[in-house]
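Keep the view open while reading.

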Amino acid sequence: IAKHGAKEQKQTELDIKNSNKILFAVFSRYGDGIISFRIISEFISKNPDKKYTLLTTVQLLPYAQKLIAEKNIKILAVNKRNPVSLLSTIMKLKKLAPDIGFNPWSHGDDAEFFISFAKHFCSYKKFSKHPKEYNVYDRVREYLGLETKADKKVNGEFDWQSSTNVVIAPISTDPKKNLSESEVKKIISKFTTNQTKITVAIPKGAMSIAGVDMFYFAKSGSRSKEFIDLLDGADLFIGVDSGPLHLALCMSKRSLGFFGSNAPETILDNGFDLISFRDK
């Protein structure tokens, strides 16, 4: 990173237009990765004449494949703790010789290291100086030179109580955002039909609820794929401000979102079919 620091600069629209090969490195947390993949897809749609490569973690790989449907992108999983995987990735990057490198929502040196192989790069942590209330999707749009989206809709209207296949993810990596076991049971009691299939998705050991299916998260690509399959079959998602909520919304699932310290309009994007609840 230090060796190639002189190549770091904010890319202009003309720089992007004149480039041919663009590299993305996303090694962020779950929700931040989902946000990045959604906006990367927008970037590719706006600039379809480029060759794209995305490096990400094994856990995030299935989410990237689900949310970035464009055919002119190569998505690679990197195990940065495995020397063989790391060296193989470095050799591929040297051969690729990307024109521009971006690492949206990735503040770590790992992602910055990978994009430093591009002829020019702009690290996200140096660019991202936004106040907390600035929308998280628009931060990435601005970083990638895309137009931001105004008027975030935070409250939809639909009949959620008659849903037949429901996934509930009540746990965040931030304990202040979590729903309690009693709150989850109260939500379950609101459904109007006994035919509703309910699955509660949590880290193992977080809570135990009788009479529903349980899905346990794990840091693996296969488990991420299983959660995508679970959401694919659902007609309603219920969750707190966390990665699973972003994933469900980006998969166009009707959702109920429970928010605490963060205002919904700062962490939601246009086109989401969401009813939001906030603990003031």
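The report below moves from the whole chain to its sheets, helices and single residues.

## Overall build

This is a predicted model. The protein has 11 helices and 11 strands. Its C-alpha atoms fill a box of roughly 60 × 40 × 30 Å, taken along the principal axes. For 280 residues, a compact globule would have a radius of gyration near 19 Å. The protein has 20 Å, which agrees.

Of the 280 residues, 53% count as buried. The exposed surface comes to about 13,600 Å². Carbon and sulfur atoms supply 51% of that area. Now take the contacts with a separation of 6 or more: residues 24 or more positions apart account for 60% of them.

An open sheet is formed by 5 strands in the order 3-2-1-4-5. The pairing is parallel. Strand 3 (73–77) and strand 5 stand at the edges. Each has a single partner strand, so one side of each is left without a neighbour in the sheet. Neighbouring strands are turned by 20° against each other on average, direction ignored.

Strands of a sheet pair through backbone hydrogen bonds, either parallel or antiparallel.

## Strand 1 and its partners

Is strand 1 (residues 21–26) enclosed or open? Of its 6 residues, 5 are buried, so strand 1 is largely enclosed by the rest of the structure. Strand 1 runs parallel to strand 2 (residues 51–56), and 6 bridges join the two. Leu-23 stands opposite Thr-53 in strand 2. The chain gets from strand 1 to strand 2 through helix 2 (residues 30–46). This β-α-β crossover is right-handed.

Strand 1 also pairs with strand 4 (residues 100–102), again in parallel, through 3 bridges. There the bridge partner of Leu-23 is Gly-101.

Tyr-52 stands opposite Ile-73 in strand 3.

Thr-53 lies in strand 2 as well. Its relative accessible area is 10%, under the 20% limit, so Thr-53 is buried. What does Thr-53 touch, leaving aside its neighbours within four places in sequence? Its contacts are Ile-22, Leu-23, Phe-24, Ile-73, Lys-74, Leu-76 and Leu-96.

Helix 2 lies across strand 1, strand 2, strand 3 and strand 4. Helix 2 runs at about 165° to strand 1.

Helix 7 (residues 136–143) is mostly covered, with 7 of its 8 residues buried. The buried residues are Val-136, Tyr-137, Asp-138, Arg-139, Val-140, Arg-141 and Tyr-143. Which elements cover them? The cover includes helix 2, strand 4 and strand 5 (120–122). It also includes helix 6 (124–127), helix 10 (243–250) and helix 11 (264–267).

Another open sheet is formed by 6 strands, in the order 8-7-6-9-10-11. Here too the pairing is parallel. Which strands stand at the edges? They are strand 8 (213–217) and strand 11 (274–278). Each has a single partner strand, so one side of each is left without a neighbour in the sheet. The twist averages 15° from one strand to the next.

Strand 6 (residues 165–169) and strand 7 (residues 197–203) pair in the parallel sense over 4 bridges. The bridge partner of Val-167 in strand 7 is Thr-199. Helix 9 (residues 221–232) lies across strand 6, strand 7, strand 8 and strand 9 (236–240). Helix 9 runs at about 145° to strand 8.

## Asn-165 in strand 6

Asn-165 is found in strand 6. Is Asn-165 buried or exposed? Its relative accessibility is 18%, so Asn-165 counts as buried. Residues up to four places away in sequence are set aside for its contacts. Asn-165 then touches Lys-197, Gly-233, Ala-234, Asp-235 and Leu-236.

Conventions. Residues numbered from 1 in each chain as written. Predicted model: local features only at pLDDT ≥ 70, side-chain atom pairs only at ≥ 80, totals over all residues. Heavy atoms only, no water. Pairing = 2+ DSSP bridges. Axes fitted to C-alpha atoms, helices over the stretch in contact; angles between N-to-C directions. Contact = heavy atoms within 4.5 Å. Rg over C-alpha atoms; globule rule 2.2 N^0.38 Å. Buried < 20%, exposed > 50% of the residue type's maximum accessible area, 1.4 Å probe, protein only. Areas by Shrake-Rupley, 256 points an atom, 1.4 Å probe, with all protein chains shown as cover. Right-handed = clockwise from strand over helix to strand, strands pointing away.
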